[in-house]
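Hi,

Here is the structure I promised to pass on. Have a look at it first, and then read my notes below.

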2 protein chains.
Amino acid sequence: MSNLIELLNRDHPKEKNTSITDTIREIFKGYSFCNNGDMITTTLYEKIADQIIYQIEQGVLKPGERMLSIRQARLKYRVSISTILQAYLLLENKGVIESHPRSGYYICSQAKALLAEPRLSSPLTVSTEVDVSQLVFEVLSAIKRPGIVPLGSPFPSPELFPHQQLNKYIYAMGRRVTPWRAVGDLPPGNEELRRQIARRYLQKGYLLSPADIVITLGATEALNLCLQAVTKPGDTIAIESPVFYAVLHAIERLGLKALEIPTHPREGIDLTVLASVLKNQRIAACIIMPNFQNPLGSLMPEQNKQALVKLLAGYSIPLIEDDVYQELYFGEVPPRSAKFYDRKGLVLHCSSFSKTLAPGYRIGWAIPGRFQNRVEQLKFMNTLSLPPLPQMAVAEYLTHEAYDRHLRKLRRLFSLQLQQMLQMINEFFPWGTKLTRPEGGYVLWIELPEQINALKLYQLALQHNISIAPGPIFSAQRGYQNCIRLNYGHSWTADYIQAIKTLGRLATRLS
Amino acid sequence: MSNLIELLNRDHPKEKNTSITDTIREIFKGYSFCNNGDMITTTLYEKIADQIIYQIEQGVLKPGERMLSIRQARLKYRVSISTILQAYLLLENKGVIESHPRSGYYICSQAKALLAEPRLSSPLTVSTEVDVSQLVFEVLSAIKRPGIVPLGSPFPSPELFPHQQLNKYIYAMGRRVTPWRAVGDLPPGNEELRRQIARRYLQKGYLLSPADIVITLGATEALNLCLQAVTKPGDTIAIESPVFYAVLHAIERLGLKALEIPTHPREGIDLTVLASVLKNQRIAACIIMPNFQNPLGSLMPEQNKQALVKLLAGYSIPLIEDDVYQELYFGEVPPRSAKFYDRKGLVLHCSSFSKTLAPGYRIGWAIPGRFQNRVEQLKFMNTLSLPPLPQMAVAEYLTHEAYDRHLRKLRRLFSLQLQQMLQMINEFFPWGTKLTRPEGGYVLWIELPEQINALKLYQLALQHNISIAPGPIFSAQRGYQNCIRLNYGHSWTADYIQAIKTLGRLATRLS
C-alpha cells in the first residue's frame with residue numbers, strides 16, 4: 001500500500017483533479033473486483049496485467065527488469081492513470097512485480113518461474129475403478145492431530161463463522177418448538193430452511209421452489225445421493241481432473257468407474273475432450289465443480305457452463321454440480337451455477353452451508369431437478385433425517401441476520417489471504433513451482449518441479465506438524481504426483497507463516 | 001386392581017401372615033417382571049399363566065368359563081397363593097381373563113380369538129430383489145399430516161424425552177467450546193460421546209473401548225454402513241421375516257438380494273431354517289434385531305442369540321444386529337445383544353439414542369468389530385461427519401444426568417400402554433385377530449383375519465386421519481397382506497382411544 005501511495009504522489013500528483021483518497025478508493029474498488037476473470041467480462045486493467053504477464057512468460061520482459069513508469073505505461077496502453085495503477089496493483093498482489101522505494105516497479109526475481117500457472121491437465125481418458133479412500137482418510141485424519149498447521153485441510157478456519165449467533169438460535173428454537181416439531185423432519189427436510197434457501201436462489205434469478213430442495217448431511221451426502229439417483233453399479237462417470245476426492249469416494253462407494261477429463265486451472269473441464277468422449281462411449285453422468293473447483297480453484301466461464309449443460313442435455317446425461325464455493329467469489333459479479341442454465345431438469349445441484357456459514361452444522365442440500373423423488377427416497381433410505389434444531393437455527397439466522405454482510409467479509413478476507421499466500425510461496429518455494437490463481441474459495445493448487453514427490457513431501461511435512469493435501473488423492477489414477485493443495489482460509493498467524501516457510505524449505509530439499 | 005384386592009380379602013385373608021399391602025407389593029414386583037419370558041429363566045407364575053393360555057388355545061378352557069378360585073388353583077398347581085395371584089394378574093393384564101365382582105375370574109369372551117399369537121412366519125426362502133421404498137415412503141410421509149393419529153409411526157411419542165435438559169447442554173457446549181472443537185469431529189466421531197457409550201457397555205460386561213465405536217446419523221446410517229462394509233452388489237443377505245423396512249432399504253440401495261427366514265413372534269429368527277440355508281447357499285451376511293424386533297416385538301432367548309452367533313461364525317458370515325430397542329425391556333433382566341457373544345469380531349452391532357433419549361438428535365453408532373476401519377471409512381465417504389454440538393450435548397447428559405432413571409420411566413410407561421392397547425384391540429378388533437405380546441419396545445404386530453387387506457385398511461384409516469403401518473412394507477416379497485403394525489408408544493389420549501376404536505370398526509367392516 002505505502003508504495004502505491006508514494007507512487008501516486010510522485011507520478012501524477014493532481015491529474016484529473018482526483019484526490020489521492022478518491023484514487024485509493026477507486027483502486028480498492030478495482031482490487032476487490034480484480035479477479036473477475038473471464039466470467040462475464042475482463043476489465044481493461046486486467047487485460048493490461050495479462051499482457052504484461054504474457055510478456056514475462058515469453059521472456060520479453062525479464063526478472064529484475066524495471067517496469068515502465070505509470071506515465072510511460074499510460075501512454076503506451078492509451079488508458080487512464082488509474083487503470084495502469086490498478087493493473088500494477090494487481091501484478092504486485094500476484095507477486096509478479098515489486099516496488100523499490102523511490103525507484104519504481106521491478107519484475108520480481110522469481111517471477112518467471114512462479115508466474116506460470118499449471119496447464120490443462122492431461123489424465124488418461126480411460127475409465128478407472130476407484131480406490132483412493134484409504135489415502136484420503138489418512139490425510140484427513142492427520143488434520144485432527146493436536147498442534148498441526150492444517151494447510152491440507154478442506155475446511156476454512158472455524159473461527160470465521162458466527163457460532164454464538166447460531167448457538168443462540170438453537171437454544172431459542174429448542175425452547176420454543178414443541179417436542180413434536182423437534183423430532184425428525186422427514187425428507188425433504190425442514191420447511192422453513194428450504195424456504196430460506198429457495199429465497200436466496202430466487203433472488204438470483206433461479207426458477208425454483210422450496211419443494212425442489214432436499215436437505216442433506218452436508219454436500220457430501222447430497223453428492224452421494226444424486227450420484228446414486230442417476231447411476232447403477234458399473235456405470236462410467238465423467239469427472240474433472242484433478243478432482244475433489246469426495247467425488248472419487250462417491251464413485252468408489254457406488255461401484256462406478258471414473259473417466260477423468262482434462263481440466264484447466266482457469267476454465268474448468270475441457271469441453272472439447274468431453275464432447276469427443278460423449279460421441280464415443282456411454283457416460284452415465286458428469287460431475288463438476290463449476291465455481292472455484294477443489295483443488296484447482298478454477299472458475300468456469302459462464303459461456304462454458306451454458307455450453308456444458310447444453311452438450312450433456314443433447315445426450316440426456318445428468319450433470320451433477322457440487323457448488324459449495326459459489327458464494328466465495330472475489331470478483332464483482334457472483335458466478336452462476338450450471339443449474340441456472342438447466343432447462344430440462346437434468347442438472348442435480350449440490351451445495352451446503354459448511355464453507356460459508358456453519359461448518360459444524362453439517363447442513364447441505366440437493367436440488368435434483370427431475371430426479372427429486374428418487375433423491376428424496378434415497379435420503380430417507382441412507383440416513384432418514386437430520387437433527388431439526390440445527391436446521392431451524394440456520395433458518396432463523398437466514399431470516400434475521402445479515403448473511404450477505406458476513407459473506408462479503410469472508411470474501412474480502414480469503415482474497416487478501418490468497419495474496420499473502422501467493423507472496424509467501426513466491427518467496428520460499430523452489431524454482432519451477434507453478435501455482436493457480438483462484439478467483440474465489442480458499443484452496444490453491446501447486447505444481448511442484450517434477451522430481452518432487454508430493455507424498456514424500458506430505459510425510460516430511462507431517463513430521464514438522466504441517467498437513468498438506470498431496471496431489472494423488474485428487475485422481476483415480478493416482479496422478480499429480482508432484483502436486484499439492486494448500487488451504488489459505490486460515491488466520492495468518494506466525495505458525496502459518498512459519499509452516500509455509502518450512503514447507504518451501506522441505507520442497508526445495510526434495511527438488 | 002380393585003378386583004384383586006377384593007379377591008385377596010375374600011380368598012385368603014390372612015394366609016402366611018402376609019399383609020395385603022405386602023402381597024400387593026409382591027404382586028407388583030412380580031408384575032414388573034412378568035414379561036421376562038424365555039430370556040434367562042421363566043418364573044413359576046409365568047409358566048402357570050402359559051399353561052392356562054395353552055389350555056384356552058387348545059379349547060380345553062372355553063371363553064366365558066369360570067376360572068379355578070385362587071385356593072383351588074393353588075392346590076392344583078402346588079404353589080403359593082401369591083404365585084397364583086401373580087399368574088392371574090398377568091392373565092388379566094393380557095386381557096385373557098377378567099374378574100366378575102363377587103364371583104371370581106372368567107375367561108374373556110373373545111379370549112380364544114384374541115389370545116392366539118401369530119405363528120412362525122413362512123416366507124418363501126428364495127432370494128428376492130428388493131423394492132419397497134416407494135410404499136414405505138408414502139406410509140412415512142402420511143405420519144407428517146397435521147392432526148393424524150400416528151399408530152403407524154416408527155417413533156415413540158416425542159413428549160417422553162428430556163428435550164429441555166439436552167437443549168441446555170447444547171447451548172452450554174456451544175458457548176464453552178472453541179470454534180475448533182465445534183467443527184466436524186471426523187469419524188469415528190466425538191470422543192467424549194464414544195467414551196460415555198463405551199462406559200455403558202462396559203458396565204454390562206461387554207469388552208470394548210471407545211475406539212471400537214463409530215458415531216453415525218442414527219442407527220439407519222449405521223446399518224447402511226455395516227451392510228456395505230461386508231457385501232458387494234448381488235450378494236444375498238439373510239433377514240428376518242417380517243423385517244424392519246430400513247433393512248430392506250439398505251439391501252435395495254446396495255443392490256443386494258434378500259432371503260427372508262421364518263421368524264417367530266417370541267423367539268426371533270428360526271435357527272433351524274437358517275442353518276439349512278447356510279448349508280446350501282452362499283449368504284454374505286445376516287441381519288437381525290435380537291431384542292424386541294420391529295415389527296414383531298420378538299425377543300430372542302439368550303441361548304438362541306448365542307447359537308446364532310456361533311452358527312454364523314462357523315461359516316465366517318458377519319452378523320449385523322440392529323439393537324435400538326434393547327434398553328426398552330419390560331422384564332427384570334436386560335436382554336443382551338448378540339455382540340455380547342461375539343468372539344471373532346464378526347458381529348456388527350448398531351444402535352442409537354433415537355428411541356430412548358433424543359429422537360431429534362439423530363445420534364446412532366456402530367460397533368463393527370473387525371470391520372471397524374472399513375465402516376469408519378464408509379462413514380467418512382457417505383456423510384463425512386455429524387454436527388458436533390448434539391453429540392456433545394448427549395455426552396454431557398450421559399455424564400451428569402440420570403439416564404437410567406429416565407429409561408426406567410420409559411419402560412414402565414410402554415409396558416403399561418401395551419396392556420391398554422391389548423385390551424382395546426381385544427375389545428374392538430374383529431374375531432380371528434391375532435396379536436403379538438412384545439416384552440419390550442413400543443410396537444405391536446397384528447395378524448388380521450385373512451380376508452382383510454392391510455393396504456385397504458391403511459387407505460381407509462388414512463381417510464379417518466389414522467396412520468397404520470401395513471404388513472407388506474415389512475417384506476421384500478410384499479407378504480403379510482393381512483397384517484399391520486401399531487405403535488403403543490404414545491400418550492393414551494382420547495384421540496388415541498378413538499382411533500383404535502375406529503380402526504377396529506374399519507377392520508371389522510373389511511372382514
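**What I found**

Starting with helix H16 of chain B, the residues that come out as buried are Leu410(B), Arg411(B), Phe414(B), Ser415(B), Gln417(B), Leu418(B), Met421(B), Leu422(B), Met424(B), Ile425(B) and Asn426(B). Bear in mind that this is a predicted model. H16(B) covers residues 403-428, 26 residues in total. From first C-alpha to last it reaches 37 Å, close to the 38 Å expected at 1.5 Å a residue.

Now to chain A as a whole. You'll find 18 helices and 17 strands in chain A, and 55% of its 511 residues are buried. If you take the contacts in chain A between residues at least 6 apart in sequence, 76% of them join residues at least 24 apart.

How do the two chains relate? Chain A can be laid on chain B by a turn of 180° and a shift of 0.1 Å along the axis, with an RMSD of 0.2 Å. That is the relation of a two-fold axis. If you want to find the axis from chain A, go to Tyr171(A): its C-alpha is the nearest to the axis in that chain, at 2.9 Å. Both copies use the same surface, as 100% of the contact residues of chain A recur in chain B.

As for the contact itself, 47 residues of chain A meet 47 residues of chain B. On the chain A side, the elements giving two or more residues are helices H7 (133-143), H8 (163-176), H10 (218-229), H11 (245-253), H14 (372-383) and H15 (388-400). The residues on that side split into 25 nonpolar, 16 polar and six charged.

The largest nonpolar core has 258 residues. Those with the most contacts inside it are Cys226(A), Val247(A), Val394(A), Cys226(B) and Val394(B). Leaving aside residues up to four places away in sequence, Cys226(A) touches Ile320(A), Leu348(A), Cys350(A), Ala366(A), Pro368(A) and Val375(A).

Last, a sheet in chain B. Four strands form an open sheet in the order E13-E14-E17-E16, with antiparallel pairing. Strand E13 (434-435) and strand E16 (469-470) of chain B are at the edges with a single partner strand each, so one side of each has no neighbour in the sheet. E13(B) pairs with E14(B) (residues 443-447) in the antiparallel sense over two bridges, and Lys434(B) stands opposite Glu447(B) in E14(B).

Cheers

How values were computed
Residues are numbered from 1 along each chain as its sequence is written. Chains are lettered from A and ligands numbered from 1 in the order in which they are written. This is a predicted model: local features need pLDDT of at least 70, side-chain atom pairs count only at pLDDT 80 or more; totals for chains, interfaces and linings use all residues. The expected span of a helix is 1.5 Å times one less than its number of residues. A residue is buried if 20 or more other C-beta atoms lie within 10 Å of its own, exposed if 12 or fewer, and partly exposed in between; C-beta atoms are placed from the backbone. Two residues are in contact if their C-beta atoms, placed from the backbone, lie within 7 Å. Copies are superposed by least squares on the C-alpha atoms of residues with pLDDT of at least 70 in both. A nonpolar core is a set of buried Ala, Val, Leu, Ile, Met, Phe, Trp, Tyr and Cys residues joined through C-beta atoms within 7 Å. Ala, Val, Leu, Ile, Met, Phe, Trp, Tyr, Cys and Pro count as nonpolar, Asp, Glu, Lys and Arg as charged, and the others, Gly among them, as polar. Two strands pair if DSSP finds at least two bridges between them.
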